[in-house]
Amino acid sequence: MQNNEQKLGVVNAIAAYLMWGLAPIYFKTLESVNADEIMVHRVVWSSVLLLLFVFATARIRAVISTLVQPGVLIKLTISACFLGFNWFLFIWAVNNDHILDASLGYYINPLFNVALGMVFLNERLRKWQLVAVLLAVIGVLIQVVTLGELPIISLALAGSFAIYGLIRKKLQVNSIAGLLIESSVMLPIALLYWLWFVNSSTSNMAENSLSLNLLFVFAGIVTTAPLLCFTAAAKRLTLSTVGFFQYIGPSIMFVLATFYYDEPLEPSKLVTFGFIWLALVIYSADSMKTYRKLKV
């Protein structure tokens, strides 16, 4: 029975990261639509789908118990800001030919998590974790020196998602209930923005083709489906085990950007990726070694 649960966890983990990795293909189909308008649909339809899922799985009590805690609501509002920023920046990056930068950002993300854990959770870095973080820093600095600029998009994506994860880690909130509340926080802003500020040929869904409207609604599925799979995986596997699948997403993005969308891969960027990949190999090997010691 336990083996079946673990297998199901592995399947869900792979599914989650496959969907995250393939997400650029979806957003590229909406390349002619502005990022802010896509973001509106992402928030609206995610909220609708999450609400339906909460009722279908009888999680409404978890939502209500969270809503009556003002302190938790404030923190979820803050986390919603970082999540919303991350969602919008990813859409913008994909539709403006910066998938490589998005890929680099999600490769860096686990190392950001380690650094934030050290600063805010008083977690002590193991020797090889420190080596991995330093290698990542060197990789970023190489790009700064050779191109004369910081990889802002990559760092912003990695940083915003790492801070979001840090806030959620410190909150004892049901993951789905918390995500519904975060989406609900963004929902009024998204609706007001849609009604008053979005002025495009596609903003009125009544005048769109059915295929375009279905693509807009699909934004909710693209957002919620991998999160639901990830939650199912996290329930059945240890977080360290789930973590070994997290490189599937940025790896798919890297392949899509380089070989399908023909984004230029400058030598300096390739060197930066090389340092990040080396850092992640060291980080993963150290995590596996530590996990095995704890299991013994």
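A residue counts as buried under 20% relative accessible area, as exposed over 50%, and as partly exposed in between (1.4 Å probe, protein chains only). This is a predicted model, in which local features need pLDDT of at least 70 and side-chain atom pairs count only at pLDDT 80 or more, while totals for chains, interfaces and linings use all residues. Residues are numbered from 1 along each chain as its sequence is written, and side-chain values use heavy atoms, with hydrogens and water left out.

Salt bridges were examined across the whole structure. Side chains of opposite charge can pair when their charged atoms come close. Here a salt bridge is a side-chain nitrogen of Lys or Arg within 4 Å of a carboxyl oxygen of Asp or Glu. The search finds five of them.

One of these joins Arg-126 and Asp-286, with the closest N and O atoms 2.8 Å apart. This pair links distant parts of the chain, 160 residues apart. Arg-126 sits in the loop between H5 and helix H6 (127–147), and Asp-286 in helix H12. Helices are DSSP runs (H or I, at least four residues), numbered from the N terminus. Arg-126 is partly exposed because its relative accessible area is 31%. Asp-286 has 8%, so it is buried.

Helix H12 (residues 267–295) also holds Lys-269. Lys-269 forms a salt bridge with Asp-101, at 3.3 Å between the closest N and O atoms. Asp-101 lies in helix H5 (residues 99–120), so the pair ties together parts that are 168 residues apart in sequence. Both Lys-269 and Asp-101 are buried.

A network of salt bridges links Lys-28, Glu-31 and Asp-97. Lys-28 counts as buried because its relative accessibility is 10%. Glu-31 reaches 39%, so it is partly exposed. Asp-97 is also partly exposed, because its relative accessibility is 45%. Asp-97 is found in the loop between H4 and H5.

Backbone angles were considered next. Asp-97 has a phi near 60 degrees, a positive value in a residue other than glycine. Asp-262 is not a glycine either, yet its phi is positive, at about 55 degrees. Asp-262 is placed in the loop between helix H11 (248–260) and H12. Its relative accessible area is 59%, so Asp-262 is exposed.

Helix H8 (residues 175–196) includes Tyr-193. Tyr-193 counts as partly exposed because its relative accessibility is 32%. Together with Leu-192, Leu-195, Trp-196 and Phe-197, Tyr-193 makes a nonpolar surface patch of about 650 Å². Such a patch takes residues with over 30% relative accessible area and no salt bridge; nonpolar side chains (Val, Leu, Ile, Met, Phe, Trp, Tyr) are joined within 5 Å, and like charges within 9 Å. Accessible areas come from the Shrake-Rupley method with a 1.4 Å probe.

The second largest pocket has a volume of about 290 Å³. Its lining has 14 residues, and the closest to the centre are Met-39, Val-43, Met-186, Ile-189 and Ala-190. Helix H2 (35–56), helix H4 (70–95) and H8 each give two or more residues to this lining. By class, the lining has twelve nonpolar residues, one polar and one charged. Ala, Val, Leu, Ile, Met, Phe, Trp, Tyr, Cys and Pro count as nonpolar; Asp, Glu, Lys and Arg count as charged; the others, Gly among them, count as polar. On a 1 Å grid over the protein atoms alone, a pocket is an open set of points where a 1.4 Å probe fits, with protein on both sides within 12 Å along at least five of seven lines, and lining residues have an atom within 4 Å of a point. Grid points are joined across faces, edges and corners, and a volume is the space filled by probe spheres set on the points.
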